[in-house]
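Trainee: I am new to this structure and would like to know what the terms used for it rest on. Please show it to me first.

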Amino acid sequence: MQHEVPSELDALGFPRDYVTLDLETTGFYPNRCAITEIGAVRVRDGRIVDQFQELVNPLRPIPRQITALTGINDAMVADLDPIDDVLPRFINWLAADSQRESIAEPIVGHNVSFDLRFLDYNTRHIAGSPFACMDYDTMQISRVLFPEFKHHRLADLIVRFGIADNEEHRALSDAIQTQECLEWMHQYTAEHCEASTIDWRTVPAKTSAEILHQQLVLR
């Protein structure tokens with residue numbers, strides 16, 4: 001996939017057309033752990049227009065602490081497709097918007113570097129090429145807008161912003177809540193920040209030059 005500076009940005013530099021995603025996994029490290037669920041929503045002009053959700057057979061036991069957190073257990077995924085089959089379907093879904101041709105639309109996530117490391121590792125293994133994208137991290141944006149708060153987990157943001165009382169730790173619901181957090185912070189920025197004080201810097205990911213983080217900066 002190619003990437004270029006998206007044109008679908010508003011005057012504050014926030015994306016208006018993007019995909020919000022979340023993964024559930026068996027652990028923290030892509031080379032030792034596996035994806036158990038992919039959830040994503042496609043957003044146009046700030047509104048969800050499509051969604052993707054699939055459980056994935058990790059081809060290994062799911063740790064008990066992961067099942068306790070997500071509710072995903074071995075029996076739920078035993079007869080499902082592995083990531084070698086699910087990931088190509090997800091990448092095809094990402095590219096399904098004919099308006100973009102081969103250009104990957106911006107990815108939004110919460111602590112999105114975690115998800116992108118897993119996607120990049122598996123894309124290299126399955127397709128033989130890196131996962132290329134621009135991304136926006138709602139955790140990074142929250143830290144810049146609200147430095148007075150110590151915690152910026154998704155569970156913290158959804159309560160702070162009045163979106164929900166609990167994080168479900170399932171991929172699709174977390175992707176939807178992340179989209180709601182981005183739009184809430186976009187509206188907050190429009191109401192409380194002068195456009196001249198807002199900037200974005202592009203920082204390549206530490207693990208791949210094909211992944212470009214778009215980071216909010218307040219001047």
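Trainee: What makes α5 mostly covered?

Mentor: Six of the eight residues of α5 are buried, where buried means under 20% relative accessible area, exposed over 50% and partly exposed in between (1.4 Å probe, protein chains only). The buried residues are Thr 138, Met 139, Gln 140, Ile 141, Ser 142 and Leu 145. The cover over the buried residues of α5 includes β4 (107–109), β5 (133–137), α6, α7, β6 (198–204) and β7 (211–218). Helices (H or I, at least four residues) and strands (E, at least two) are DSSP runs, numbered from the N terminus.

Trainee: What do these values come from?

Mentor: This is a predicted model, in which local features need pLDDT of at least 70 and side-chain atom pairs count only at pLDDT 80 or more, while totals for chains, interfaces and linings use all residues. Residues are numbered from 1 along each chain as its sequence is written, and side-chain values use heavy atoms, with hydrogens and water left out.

Trainee: Why are α5 and α7 called roughly parallel?

Mentor: Helix α5 (residues 138–145) and α7 pack at an angle of about 30°, and their axes are 10 Å apart. That angle makes α5 roughly parallel to α7, because angles under 35 degrees count as roughly parallel, over 145 as roughly antiparallel, 65 to 115 as roughly perpendicular and the rest as oblique. The axes are lines fitted to C-alpha atoms, for helices over the stretch in contact, and angles run from 0 to 180 degrees between N-to-C directions.

Trainee: Which residues make the contact of α5 with α7?

Mentor: On α5 they are Thr 138, Ile 141, Ser 142 and Leu 145, and on α7 they are Thr 178, Leu 182, Met 185, Tyr 188 and Thr 189. Contact means heavy atoms within 4.5 Å. These residues divide into five nonpolar, four polar and no charged. Ala, Val, Leu, Ile, Met, Phe, Trp, Tyr, Cys and Pro count as nonpolar, Asp, Glu, Lys and Arg as charged, and the others, Gly among them, as polar.

Trainee: How do you know whether Thr 178 is buried or exposed?

Mentor: Thr 178 has a relative accessible area of 1%, so it is buried. Leaving aside neighbours within four places in sequence, Thr 178 is in contact with Thr 20, Val 108, Gly 109, His 110, Thr 138 and Leu 154.

Trainee: What makes α3 and α4 roughly perpendicular?

Mentor: α3 and helix α4 (residues 112–127) pack at an angle of about 105°, with axes 10 Å apart. This angle is what makes α3 roughly perpendicular to α4. The contact is made by Ile 83, Asp 84, Leu 87, Pro 88, Phe 90 and Ile 91 of α3 and Leu 119, Asn 122, Thr 123, His 125 and Ile 126 of α4. Those residues divide into seven nonpolar, three polar and one charged.

Trainee: Why is the pair of Glu 37 and Arg 170 called a salt bridge?

Mentor: The term is used because a side-chain nitrogen of Lys or Arg lies within 4 Å of a carboxyl oxygen of Asp or Glu. For Glu 37 and Arg 170 the N to O distance is 2.8 Å. The pair links distant parts of the chain, with Glu 37 in strand β2 (residues 35–44) and Arg 170 in the loop between α6 (154–160) and α7 (171–192), 133 residues apart. Glu 37, at 2% relative accessibility, counts as buried, whereas Arg 170, at 22%, is partly exposed.

Trainee: How many salt bridges does the structure hold?

Mentor: There are ten. One of them joins Arg 89 and Glu 54, with the closest N and O atoms 2.9 Å apart. Arg 89 is in helix α3 (residues 83–94) and Glu 54 in strand β3 (residues 47–55), 35 residues apart. Asp 50 forms a salt bridge with Arg 42, the closest N and O atoms being 4.0 Å apart. Arg 42, Arg 44, Asp 50 and Glu 105 are linked in a network of salt bridges.

Trainee: What sets the phi of Asp 45 apart?

Mentor: Most residues other than glycine have a negative phi. Asp 45 is not a glycine, yet its phi is positive, about 50°. Asp 45 lies in the loop between β2 and β3 and has a relative accessible area of 56%, so it is exposed.
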